[in-house]
Amino acid sequence: MTGQDEAGRGGRLGGRARPGHRSAGPTLRDVAAIAGVSYRTVSNVINGRVPVSGPTRERVEAAIAELGYRPQLAARQLRVGRSNLITLSVPFLSLPYFAQLAHAVVGAAERVGYDVVVDETHGDPERELRAASGFQTLLTDGILLSPMSLDDAQLVAARGRTPLVVLGERIRAARVDRVVVDSVTSSRDAAAHLLASGRRTLGFLGTVPDASVGAAAADLRLEGFRSALRAAGLEAKPHHVLEVSPWDPASPDGDYSREEGYARIRALLAGGGLDGLDGLDGLVCANDLLAIGALRAFREAGVDVPGRVAVIGWDDSPESAFAAPSLTSIAPDLTELARLAVASVLRLVDDPHAPPRVEQAPYRLVVRESAP
């Protein structure tokens, strides 16, 4: 903290001096007065040009929120009332799905004259709430948010005036615009593909201990899997529905990781070597990373895939084509999902009172060696 900041803190915070009434709205200097820092420090927090200590940043952001201050646009942007920026908030860019999604959103925005700011939330609820509320220190025309921790009530309560579109099926509130890929139908199609190939004892890898935290679509993908079995007059054995470990917020891979897929299949096999499979001849995995971990565990144990067990993933990540054997997977159309997402948020920019919509992106089953 600079000497000027310290002086400001001592001279203003204690008395909580308030700026006088301004018809033009709060200014950067008003924020500085409330936070007890220099206006240059406020500018550094907003623009990120110079590192600012955590406590100082928190005071500045609290003052911005209290005053409802919005950073000034450039003169051209003031005239049109837009920044031509969209913010994409995702949990982990280390996960292939979100890296591909970010790439697709950048391309879709570019085609309509917009740039994209990518925000990595790490699934932290406070960071997700900051995104849902519209960001106080980031100028953006609209937000695309893929939440990992927030539930419907939290998101609706936090929602600010900045146009917001939710990606994925974690949030199911009717009052929020969403863009989704149908997890129920796609997982049903994956299981139906295994059944059509003659498999009869199917398992599912990827249920979560608490459906309100971590993997968003676990319950929906399990529902689709069970639906396909019911249609065939079958039912999965309880020990063939495999639960992943509770989500650790410190993990960059969450609960849908290669390590989890590997560990869960190793534990299944430990029940009696190959007999631990108890007839399992088909496995639907809730994402590709789980499936890739499962493939390794099967390979190490001498379980032939697809001869003894066929395996299907979900995501069609770049790894899936190069796995051993190559992985059959549900492939969401991320290019179309991104186009729908950008169009949805710009629709709200043009008409903030437009009724909420749910847009559905297509998918396809990509058949490879693991489940021909």
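Biologist: In this predicted model, which ring does the charged end of arginine 221 sit over, and how far is it from the centre?
Modeller: A charge counts as sitting over a ring if CZ of Arg is within 6 Å of the ring centre and within 35 degrees of the ring normal. The charged end of arginine 221 meets this for tryptophan 314, and its distance from the ring centre is 3.6 Å.

Biologist: How many aromatic pairs are there in the whole structure?
Modeller: Rings pair if their centres lie within 6.5 Å. A search of the whole structure with that limit gives two.

Biologist: Is the pair of tyrosine 97 and phenylalanine 98 stacked or edge-to-face?
Modeller: The two ring centres are 5.3 Å apart, and the planes stand at 80 degrees. Planes over 60 degrees apart count as edge-to-face. Tyrosine 97 and phenylalanine 98 are both buried, and their pair is therefore classed as edge-to-face.

Biologist: What kind of pair do phenylalanine 204 and phenylalanine 225 form?
Modeller: Their centres are 5.5 Å apart and their planes lie at 45 degrees.

Biologist: How many residues apart are phenylalanine 204 and phenylalanine 225?
Modeller: Phenylalanine 204 belongs to strand E6 (residues 202-207), while phenylalanine 225 belongs to helix H10 (residues 218-231). Both residues are buried. The pair links distant parts of the chain, and the separation is 21 residues.

Methods
Residues are numbered from 1 along each chain as its sequence is written. This is a predicted model: local features need pLDDT of at least 70, side-chain atom pairs count only at pLDDT 80 or more; totals for chains, interfaces and linings use all residues. Side-chain values use heavy atoms; hydrogens and water are left out. Rings of Phe, Tyr and Trp (its six-membered ring) pair if their centres lie within 6.5 Å; planes under 30 degrees apart count as stacked, over 60 as edge-to-face and the rest as tilted. Buried means under 20% relative accessible area, exposed over 50%, partly exposed in between (1.4 Å probe, protein chains only). Helices (H or I, at least four residues) and strands (E, at least two) are DSSP runs, numbered from the N terminus.
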